[in-house]
Amino acid sequence: MSCPEPLRERAERLDAVDPLAGYLDRFVVTEPGLIYLDGNSLGRLPRTTVDAVRRTVEHQWGEELIGSWERHWMALPTLLGDLLGQAVLGAGAGQVVVGDSTTVSLYKAVSAALDAAPGRTDVVVERDGFPTDRYVVESLARRAGGKVRWLEPPGPDGVRPGHLDGLLGPTVAAVVLSHVDYRSAALLDLPSVTAAIHAAGALAVWDLCHSVGVVPIDLDAAEADLAVGCTYKYLNGGPGAPAFTYVRRDLQPSLGQPIWGWWGRADMMAMPQGYQPVDGVGAWLAGTPPVLSMAAVEPGVRLVSEAGVPAIRAKSMALTALAVQLYDEWLVPAGFGLATTRDPARRGSHITVTHPDAESLVRRLVEAGVVPDFRRPDGIRLGFSPLTTRFVDVHDGLWRLASLAAGDRAL
């Protein structure tokens with residue numbers, strides 16, 4: 001079944017005038033015919049990352065050996081943190097640190113929020129939020145002798161301040177929310193939701209995994225309290241790349257993370273008896289950071305910084321707008337539903353479509369050279385990473401999906 005030319009010609013014209021089009025050549029692409037719509041799960045490999053990791057392995061480790069700790073590696077967690085803060089988080093220096101997984105980072109953040117508020121033992125989290133977020137909150141609320149206050153699914157437009165009415169109160173220590181929902185792509189208004197949480201005397205803990213690098217974020221301006229996020233999606237840091245933690249500067253003296261390790265200790269190399277946290281965000285470190293993984297983070301962040309998040313966001317909105325248009329044209333007649341808002345200002349950089357046969361369709365779609373995500377029970381998540389996704393990729397990917405759903409018959 002062939003693609004309708006007028007629509008594909010429009011996608012080609014959009015690619016021809018795309019100011020970010022040249023960035024695709026700066027990533028490793030071994031299968032030019034593959035349509036990769038899963039950069040919101042694992043971003044492509046930047047070419048400069050290959051050199052950075054090789055330099056770390058061959059020169060810093062292979063030649064300089066242990067001397068590289070002092071020359072290169074000791075400062076990595078905070079240097080990368082400051083780079084992330086400046087490039088994509090809207091955070092001043094000394095508020096971001098890199099080194100743990102997202103799960104560990106979130107555990108530290110929620111635990112600190114609970115410990116800082118005696119008498120406040122409850123935590124609010126979305127019932128349909130990402131599993132790690134829910135599991136961490138359940139674990140820590142139980143440990144604190146409190147309870148989880150479940151925020152019911154608000155629909156494809158996501159959480160607004162009014163949805164928190166009735167959940168916030170004097171026993172709530174923290175609210176854990178995803179800036180962009182991992183399924184629906186709902187984009188929350190971080191400043192207004194944070195303000196509503198503060199008005200109730202609680203701390204806002206933000207999961208930025210699906211927004212960092214693709215949506216403008218200004219944590220300092222929003223007066224966010226704590227935030228965590230991964231670096232392997234739109235920041236292209238590679239599988240298992242370490243996460244980051246943001247702790248607002250004025251809260252650092254009063255918030256203490258629960259995992260006391262030697263990297264967070266003042267005068268760590270003296271290895272003294274007892275634990276005294278180092279001043280600043282470095283206190284949020286615990287054990288030795290994963291240097292080889294961290295070496296792969298910086299190149300992707302610098303690419304995003306060079307392109308500029310505003311330009312990335314503009315292309316992201318155009319990509320998702322095209323996808324929704326093609327959904328209306330091809331997927332609605334093929335029995336699909338749309339689990340993502342139609343308002344481009346309220347969605348991140350993916351859309352989720354639904355179909356009763358979604359799991360089988362995703363498997364067949366991969367066989368047809370298109371890589372999306374399946375999300376139970378019936379969601380097909382189509383992710384568009386603006387530095388590596390072309391408009392023709394969106395067109396051809398949705399066309400193949402529609403063709404498979406229609407049994408390769410005329411729509």
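Q: What makes the largest set of 55 residues a nonpolar core, and which of its residues have the most contacts inside it?
A: In this predicted model, the residues with the most contacts inside that 55-residue core are Val88, Leu89, Leu177, Trp206, Leu208, Leu219 and Leu387. The name applies because a nonpolar core is a set of buried Ala, Val, Leu, Ile, Met, Phe, Trp, Tyr and Cys residues joined through side-chain atoms within 4.5 Å, where buried means under 20% relative accessible area (1.4 Å probe, protein chains only). Helix H4 (residues 76-89) gives the most to this core, with 7 residues. Apart from it lies another core, of 32 residues, among them Leu331, Val353, Ala358 and Val392.

Q: How are the model's values limited, and how are residues numbered?
A: Local features need pLDDT of at least 70 and side-chain atom pairs count only at pLDDT 80 or more, whereas totals for chains, interfaces and linings use all residues. Residues are numbered from 1 along each chain as its sequence is written, and side-chain values use heavy atoms, leaving out hydrogens and water.

Q: Which residues of helix H12 are called buried?
A: In H12 (residues 358-367; a helix is a DSSP run of H or I with at least four residues), they are Ala358, Ser360, Leu361, Val362 and Leu365. Their cover includes strands (E runs of at least two residues) E11 (370-371), E12 (373-375) and E13 (379-383), together with helix H13 (391-405).

Definitions and conventions. Buried means under 20% relative accessible area, exposed over 50%, partly exposed in between (1.4 Å probe, protein chains only). Contact means heavy atoms within 4.5 Å.
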